[in-house]
Amino acid sequence: MPNELTLSEIQQLAKQLSDFGLRHIVFSGGEPLLRKDFPNICDAFSKLNVKQTLLTNGLLLEKRFTEIGKYFSEIIISLDGPTAEIHNSIRGLEAFDQIIKGVKKVVSISNRPQLSIRTVLQKRNFRLISPMIDFAKSIGVNRISFLPVDVLSDSFGRFNKELIANRQEIILNEEEVIEFREIVTTMIEKHKHDFETKFISDTPESLLNRVQYFEALLGKNTFPQNYCNAPNVSTVITSTGEIQPCFFLPTFGNVRQNTLSQLVNNSQIRSLRKDVQNNKLERCTTCVCTLNVQPTAALLNSF
Ligand code: SF4
């Protein structure tokens, strides 16, 4: 895309981030695998001993895994249904078969990153939560997690803007929300072992929070209480160098114009961190993608 950070700019940025003690980088999109020089980018962070995670739509995984696989401790693939029919209809793209080819390639390799599936729940797939877990097991991935569809922000680009425009076709109606609560309650019992082994990364409570979120969208409940310290432990840097406290809050500078040390502790971001900490931001109350890293995680180096 025009104006994206060059490889050389990213290499310099990697060094600056490392000087700040960066431990973990998550590449998300858009789609990171579209960048031809992506292996060079991964290599820059690898040389600095930074743990790397890839969040991908999976379309280019089969083609590019050989080049990039060695850099990652985890690859997370977005998959919204256990069949081509469901996934492709939600994504509007004939993608399912190609994604599964990529998954099969990765699971066939013995020394490979952890492979995870992330499913965004909405009207067309909320009844398939349990089949989705069974499907994830059948294709050999290591774990699965669920998020509710975000219809309240325009983060993550055009896809979500379309979702917002078609909100009623995506969120659950009153009867469906009642059904969803029953489905989740039943699956919590049925998949008890999968929670214990962490094959399902979410906790039973966080899945019940997904139900509450859909209830809140209809005004039938409050939004679940969010605990998030994303701006205190992480930062988002876009492909054009904009720096954000998290995916959902606005930019507070650009790494092309200022150094990281000028940016990450400026007065604007310090005050925002306090606001997040004190639950003062409206946006945080409806957020579906929080991050809550405990101090012990830092001590154990498990960011
Ligand atoms: S709750 Fe959401 S919007 Fe608020 S800081 Fe965390 S990630 Fe950002």
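Here are my entries on the sheet and the helices.

Ground rules: I am working with a predicted model, where local features need pLDDT of at least 70, side-chain atom pairs count only at pLDDT 80 or more, and totals for chains, interfaces and linings use all residues. Residues are numbered from 1 along each chain as its sequence is written. Helices (H or I, at least four residues) and strands (E, at least two) are DSSP runs, numbered from the N terminus.

Sheet. I looked up the strand order and got S1-S2-S3-S4-S5, 5 strands in an open sheet with parallel pairing. Strands S1 (24-27) and S5 stand at the edges with a single partner strand each, so one side of each has no neighbour in the sheet. Pairing here takes at least two DSSP bridges between two strands. I found 4 bridges joining S2 (residues 51-56) to S3 (residues 74-78). Leucine 54 sits opposite isoleucine 75 in S3.

Helices on the sheet. H11 lies across S4 and S5, at about 20 degrees to S5. H6 (residues 129-138) also lies across S4 and S5, but at about 150 degrees to S5. Axes are lines fitted to C-alpha atoms, for helices over the stretch in contact, and angles run from 0 to 180 degrees between N-to-C directions; contact means C-beta atoms, placed from the backbone, within 7 Å.

I checked its length: the 14 residues (204-217) should span 20 Å at 1.5 Å a residue, and the end C-alpha atoms are 20 Å apart, which agrees. The expected span is 1.5 Å times one less than the number of residues. Just after H11, glycine 219 takes a positive phi of about 75 degrees.

Definitions and conventions: Two residues are in contact if their C-beta atoms, placed from the backbone, lie within 7 Å.
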